[in-house]
Amino acid sequence: MKYIYISIFALFSLLVNVLQAQERVTSLITGKVTDTNNHPVSGMTIEVQEIGTGTKTDATGKFAISVAKGDVLVFTKEGYLTSFQDVIVSKNELVIHVKPSIAEAGETDNVHIPFGIVKKREINGAVSTIQSSGLSHTPSSSLFNALPGQTTGFNIWQSGTLPGRDDATFVIRNRASFAGSNVPLVLVDGVARDFSDMDLNEIESVTVLKDAASLAWYGNRGANGALLVTTKRGNAEKTTFSYDVQLGSQMPTALTKPVDSYNFGRLYNQALQNDGSQPFYTPSQLDNYKSGTDLYGYPNNNFVKDFINNNALVQRHVLTASGGSKAIRYFTTLSFFDQNGLFKGAQTPLYNSNVGYQRYNLRTNLDMQVTPMLNVQLDMGGRVEDRSQPGGGSDAFLNSVFTTPSNAYALLNEDGSYGGTSSFQNNPLAQLKSKGYSDEVTRILMGTLNATHKLDFIAKGLSANLFYTFDIQGVFTSGRSQNYEVYQRSVAGSLTQFGTATPLVYLTSAFSNNIRANELWTGFDYKNSFGKHTVSATVRYQQAVVYAATQFENKRQGVSARGSYSYDNRYYLDLVASYTGADNYMPGKQFGYFPAMALGWVISEEKFMKNIKFIDYLKLRGSYGMAGNNSTGESSKFPYAYLYTPTTGGYTFGSSYTFNPGGAEATYPNPNITWEKAYKTDIGFDLKLLKNSLSISGTYFNEDRKDILTNPLYPSIVGLNSYNINDGQTRLRGFEGTIDYTKKIGDFTLYVGANFTSAKNIILRINESAGLTDYQLQKGHNIGSINGYDSRLMLLSDGIFQSQAEIDASPVQRFSGKVVPGDIKYRDINGDKVIDNMDRVMTDYNDTPDAYYGFKFGGMYKGFDFSILMQGVNGRTIQIRSLVLAGSNNTGYINQFSEDAWTSSNPTAPYPRLGISDRGNNTANSDFWLRSGDYLRLKSIELGYTIPSVLTDKVHIRSLRFYLNGFNLYNFNKTGMDIDPELNLAGFNSVYPYSRTISVGLNLKF
């Protein structure tokens, strides 16, 4: 493979040399470059395209350069757009006005839509774009971690924390289905692909599609919104080589605080006494734990300190080459990412059992002008990911570290054997050094061929397109395994063995998750202008199949079309429709029609607006249409089919009741099952004021989601489980808006921006179980759940019982055998003097926020730059029961929060009494354990300095920038606890800590 890349670069060099060798008749031209405020722009590079010769503007912005007839000049400088504000010929001199790129505040004039690129002015729906250049330069294993707070209508929160597995959950606007998937469609260069593990340097932009006119193109896959990820391509205007390096340290944002042995014993005794039992630890034993004079007989471990490092190294290296000519353009990038785990003491002479993640990314995008009529894009992208962890698993190791009592055993006995007991046989030291390790290598290769042939000989502006992809991936697992034995030490010093040690052996290697995906899109494009009229159209036939070794093939097929009309760049009309189908529905009912339309009016171009000087641009836009969601929540591939299980059991026949094995009918099918239908309405505006320095956009949206799967409510006499039916309905409604402001004062450029989204959903129709009272129905409530609760039906708490007299005067609570002072008190909802399941009420608590927002602030002064991003959510709820009541009978449910449990001497404590047995009253689902999950996070800060070009030019360096970055630095929340509400269990129980990252970086271009 390396010889291919060497040959490509050699070909590029040859082409450049040939161009440079041609004879050219030149003449000298002069000019001046200024910004939009007529300030001179110094140090701007001016090159003759494809020739490479050039100059730079001086301190007054002036330049002189020799050019030949037909030459194209390319003006480039960090922080400025390559397109001009205007070009004026004044006194035989060119006066060129350029705009700072920072004024775009994360936007670009080109917006990617399905199989097309349009100007932002032409967007009539709800579409927002995130440029990769505006993202934080943080060494992160997942690209999703860099996206929160960047734009409207895109809510993302982290749901995993392990290196290489720090997954994210994301929705566009909010949930709209209570049964099916709410995950948006993610497309990389037009194809459904995972992009979280791509390198940031591969990405040009991420476009968020939210309205029907953008999503109807994808038919029955578009209802949840879509992310269009566009990778970078070569630029024929300049050849660039770059090297990026980032070195950083990751530190836990929150971490459990172990209870020492003395306090563990004291609290354990307290829990037993609350249960009416005798204390387990004698005063003498407690004194021995407190004195610490015999750490073998009375150990006092701090497993967190012993096995979790304060920080872990993370690094990222990227090499990039980009450039070309009119005939061939290329973009090639190679990157390496390495994230170490936080486990301490994982190195052994034979292996390292620390959790870790390494990734290699490679991408080459080629654009070839094969003939004047034929353009071909050939893209190859791939990555190799290596994830490692201890042999017993990271979760098991963390569970031992975070939950094992500090007095359970000495890590090592006097003779060097591993300590343990019959109840605690997982020794974290042994888990790292004598349990082996596992290694998982994922290989992914993505290939794309995109060919466009002009058909101007048929009709001007007409072209044909063929787009084909070939993606493969597979996982290879390997490692080494062994086991260990632990010895329980008695008070007298004798040892009792538990478990059996085994020698180190190789794990059986295996291949899995072998997947191949092919996708074909082919059709025609047309665009032409007739005076003030512009017409464009795109039509595609598409067909796709996904093969997996252990699953049925997934197939889809369809036709998508889009037509656009504009008059005088003032009035706009888009018509979009698709006819798409999938193979998981009954033949004859596999296809559906999904239409949409959008209108736009640039009202600022009207004559009656010309006298309003402070308004530079105002556009009104709106769209309406339908998209579908075929991820409806059914687990079966063919829910419409009558299927039978041949060996499910048997039947008894005859007078002798002889049992005969046989088959049985499986789940009762639903031949009419179909996709969800989303009817979307968007009405918005785009406004620019104060000489385009202030930009404001807002969109009101409403979505009615119909045909959601819900229970069929068949009578039980049917005797079979049945598939759900399309009888559910919801509504999602809200508003999203952005505001950006840029101001240049002398050499200082300042920008501020904010975005906000409010999106609330409600269930309008759902089939629910018989016997529920009105206050237990989901209808009329929002869509949502609480992570850690099995239902949103919950008891309403009324404080904590303070005395037996209060208990006697209250309704009887039937969730435990007895209720004593210190237990949670509940409200009697139905007034029957008994607290039972009939007092559970349906609530609107939800761990998906109703609103989310982001703030950005930054600036540039000469070579210095800085940026700050803050991100937050509102209307989110988390539960802390899994934290406060963490543990088991063996640990007595004692943890760092146990000190704040109710006692008669501490009646205002925030948590109920400690207890080991008969705990049902205090563990029931209730609002007692709910806390606000709202937070405002200082997401990132970056400080940078670019060496002046007068210095770098001397060593033939285009630019050199150093920077310092902080990521996930701090969060402001209302929990009143030392936790991170985004991942409230991270760093506790068996969950890997959430991390903040401090890094330094260098960007070198030449």
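**Close-up views of a predicted model**

**View 1. Strands β13 and β16 in a five-stranded sheet.** Strand β13 (residues 185-188) and strand β16 (residues 226-231) run parallel and are joined by four bridges. Strands (E, at least two residues) and helices (H or I, at least four) are DSSP runs, numbered from the N terminus. Two strands count as paired if DSSP finds at least two bridges between them. L185 sits opposite A226 of β16. The open sheet has the order β10-β15-β16-β13-β14, with mixed pairing. Its edge strands, β10 (127-131) and β14 (191-192), each pair on one side only.

This is a predicted model: local features need pLDDT of at least 70, side-chain atom pairs count only at pLDDT 80 or more, and totals for chains, interfaces and linings use all residues. Residues are numbered from 1 along each chain as its sequence is written, and side-chain values use heavy atoms, with hydrogens and water left out.

**View 2. The three-stranded sheet β22-β25-β26.** This sheet is open and its pairing is mixed. The edges are β22 (418-419) and β26 (495-498), each with pairing on one side only. Strand β25 (residues 486-489) pairs with β26 in the antiparallel sense over four bridges. Y487 has Q497 in β26 as its bridge partner.

**View 3. Strand β50 and its antiparallel partners β47 and β51.** Strands of a sheet pair through backbone hydrogen bonds, either parallel or antiparallel. Ten bridges join β47 (residues 864-874) to β50 (residues 935-946). In this pair, I868 stands opposite I941 of β50. Eleven bridges join β50 to β51 (residues 959-973). Here S940 stands opposite F967 of β51.

View 4. Buried means under 20% relative accessible area, exposed over 50%, and partly exposed in between (1.4 Å probe, protein chains only). The largest nonpolar core has 27 residues; F307, I308, F343 and V401 touch the most other members. Such a core is a set of buried Ala, Val, Leu, Ile, Met, Phe, Trp, Tyr and Cys residues joined through side-chain atoms within 4.5 Å. α5, α6 and α7 each supply at least two residues of this core. V401 touches F303, V304, F307, I308 and P428, not counting residues up to four places away in sequence; contact means heavy atoms within 4.5 Å. A second, separate core of 26 residues includes L795, V884, A909 and L930.

**View 5. A nonpolar surface patch.** L378, M380, L445, L449, Y468, F470 and I472 make up the patch, with about 520 Å² of accessible area together. Areas come from the Shrake-Rupley method with a 1.4 Å probe; for residues, only the protein chains shown count as cover. Patch residues have over 30% relative accessible area and no salt bridge; nonpolar side chains (Val, Leu, Ile, Met, Phe, Trp, Tyr) are joined within 5 Å, like charges within 9 Å. Two or more residues each come from β21 (374-390), β23 (436-454) and β24 (462-483). β24 gives the largest share, three residues. F470 lies in β24. Its relative accessibility is 35%, so F470 counts as partly exposed.

**View 6. The buried salt bridge D471-R193.** The side chains meet at 2.6 Å, N to O. A salt bridge is a side-chain nitrogen of Lys or Arg within 4 Å of a carboxyl oxygen of Asp or Glu. D471 lies in β24 and R193 in the loop between β14 and β15 (203-209), so the pair ties together parts 278 residues apart in sequence. Both D471 and R193 are buried. The whole structure holds 41 salt bridges.

**View 7. The salt bridge R621-D686.** The N to O distance is 2.9 Å. R621 lies in β33 (residues 615-629) and D686 in β36 (residues 676-689), so the pair ties together parts 65 residues apart in sequence. R621 is buried at 9% relative accessible area. D686 is buried at 12%.
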